[in-house]
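Work through each task with the structure in view before turning to its solution.

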Amino acid sequence: MTRRTVVTIGAGQAAAVAARNLRRRGFDGRIVLLGDEPHPPYQRPPLSKEFLSGAEGLDSLWILPQKWLADNDIDIVTGVEVRRVDAATRAVQIDGGPDIEADAVLFATGGRPRTLPVPGPRPELIHYLRTLDDATRLAPQLTAGRRLAIVGAGFIGLELAATATAAGVHVTVVDPAPLPLARVIGTAMGQAVCRLHRDSGVDLRTGSALDAVRTTADGVVVDIADGSTVHADVAVVGIGITPNIDAAAATGLHLDDGIVTDAAGRTSIAHIFAAGDVARRYSPRAGAHVRLEHFDNASRQGAAVADAILDRGTGSDEPPWFWSDQHGRNLQFVGTAAGDPLIRGDLDGMDFTAVYLQGGAVCGAFSVERGEDIMAVRELLGREVDTAALCDEDTDLWDLVYDDEEVHA
Amino acid sequence: MTAEWVAVATVNEMGRRRKLRVELNDVAIALFQAGGRVYAFADLCVHQDRSLFKGTLLHGKVICPGHQWQFDLETGYEADQGRCQPTYPVRVDDAGTIYVQPTPKRPEAAAEAEQEARA
């Protein structure tokens with residue numbers, strides 16, 4: 001029997017987790033990770049937080065420890081561009097290198113930052129934050145007393161605002177939306193996050209449509225549509241990502257703002273899979289194809305594809321979960337937001353859990369400093385609960401999960 | 001060297017939630033009870049110092065409330081991170097008194113045990 005080969009295009013979270021799970025499940029064939037960056041798989045979440053601030057070093061980022069890689073015979077090839085995969089032979093075609101014949105291919109190509117055209121003489125003052133190299137280039141810019149303009153009040157922009165503020169940087173965030181993150185966490189929680197940032201010293205300018213970002217000999221100028229301007233020494237543009245689909249398109253995969261897959265991560269071509277930020281996966285839970293740009297999603301889908309490659313499992317359809325750390329507060333979210341949430345705890349004191357209901361049933365939660373509640377709410381999703389008990393701090397949420405007196409575990 | 005056992009609590013004190021935070025030589029310890037046994041973890045998560053006592057015991061894992069790292073109840077090993085939460089030897093006597101040794105188990109040993117359990 002010939003040795004099977006699995007190739008991942010991309011070497012980020014989803015690819016690394018797929019490789020790890022293939023080995024955990026006993027796959028003894030060849031595993032090749034092809035990355036376009038010059039690094040082995042690393043975790044992206046710390047790039048806007050602990051790594052950027054210097055609290056954690058490079059060593060904390062690697063997903064697959066050196067010893068594990070050596071013990072498990074994983075080929076990591078960095079700095080390579082994949083052109084396409086031959087759909088018939090599953091030969092992975094690489095720029096400037098020989099083809100790699102694969103039995104299964106995982107597209108885990110992630111995304112790249114959406115860019116803004118920035119005229120002016122000093123383009124080097126404009127940063128993006130997606131990769132380790134981006135973070136390494138940005139970190140030394142964040143010194144006390146400097147002025148940082150951030151375009152976009154999404155998770156990257158807000159985490160960066162918090163990290164930079166803690167470093168003594170004067171931070172202005174500009175976003176056209178009336179509230180940050182409202183599309184994800186709703187209006188009420190958008191207001192809470194807005195307050196968190198303003199109370200922490202961030203000049204968060206919501207409802208501020210952008211006219212232009214430009215550089216001058218002196219620095220960066222952000223022109224806002226209402227006629228105001230923001231002057232800064234350095235700027236970061238964080239306005240979302242575009243999925244990396246060039247190689248997928250050249251392969252002939254079915255695309256729709258990402259690579260379309262079934263619930264288990266299979267693409268439109270046999271033995272070719274997709275996972276992570278680039279994948280638009282059918283979610284039975286959502287009843288739709290969804291593309292999620294979160295760490296947990298990449299991990300779960302990477303693991304699910306490993307199962308699919310080995311013809312086991314039916315995919316992972318867990319509710320979306322993510323965290324963020326901003327201004328010393330731990331934010332977490334699970335499920336989906338809907339309407340005005342019920343508040344458990346101290347909203348003004350930024351120590352609370354907001355629980356979203358839809359049709360009387362729990363559909364999601366957003367917490368500040370209460371990750372333990374998120375775990376309980378995850379178990380309550382889809383269930384009708386006693387709302388008075390939900391908001392009563394003397395009621396343990398796990399008592400709502402377990403109706404009887406039997407304690408879990 | 002003779003192991004030193006320190007009485008830190010009683011099983012009754014663990015309450016309905018079957019978890020308790022105690023101090024031992026100025027180190028916070030999170031006790032969890034499952035399957036009739038008591039387990040002792042360093043309370044502050046090895047990741048970012050969040051309190052594991054505030055976390056959840058689910059499916060044989062202690063789940064940190066901070067970023068949901070999942071530590072194996074037996075070994076303290078976080079398989080996806082490749083890191084170990086310090087755990088301490090525990091003994092419970094017939095009277096229900098919980099004793100903990102103040103020196104953590106060797107994390108590498110726990111990791112190796114985990115690897116072997118998988119193999």
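**Exercise 1.** State which domains the assignment gives for chain A of this predicted model.

*Solution.* The assignment divides chain A into domain 1 (5–112 + 241–309), domain 2 (115–237) and domain 3 (328–401). Domain 1 is written as two segments, 5–112 and 241–309.

**Exercise 2.** Describe how domain 2 of chain A and domain 3 of chain A meet.

*Solution.* Step 1: locate the centres, which over C-alpha atoms are separated by 30 Å. Step 2: apply the contact criterion, C-beta atoms within 7 Å. On this basis, seven residues of domain 2 of chain A are in contact with 10 residues of domain 3 of chain A. Step 3: classify the residues on the domain 2 side; six are nonpolar, one is polar and none is charged.

**Exercise 3.** Determine how many residues of chain A and of chain B are in contact, and characterise the chain A side.

*Solution.* Step 1: 12 residues of chain A are in contact with 16 residues of chain B. Step 2: helix 9 (residues 371–380) of chain A supplies the largest share of the chain A side, namely three residues. Step 3: by class, that side holds six nonpolar, three polar and three charged residues.

**Exercise 4.** Summarise the architecture of chain B.

*Solution.* Step 1: chain B contains 12 strands and one helix. Step 3: of the 119 residues in chain B, 34% are buried. Step 4: among contacts in chain B with a separation of 6 or more, 40% join residues 24 or more positions apart.

Note on methods: Residues numbered from 1 in each chain as written. Chains lettered and ligands numbered in written order. Predicted model: local features only at pLDDT ≥ 70, side-chain atom pairs only at ≥ 80, totals over all residues. Domains from an automatic or database assignment. Contact = placed C-beta atoms within 7 Å. Nonpolar A, V, L, I, M, F, W, Y, C, P; charged D, E, K, R; others polar. Helix = DSSP H or I, 4+ residues; strand = E, 2+ residues; numbered from the N terminus. Buried ≥ 20, exposed ≤ 12 C-beta atoms within 10 Å, placed from the backbone.
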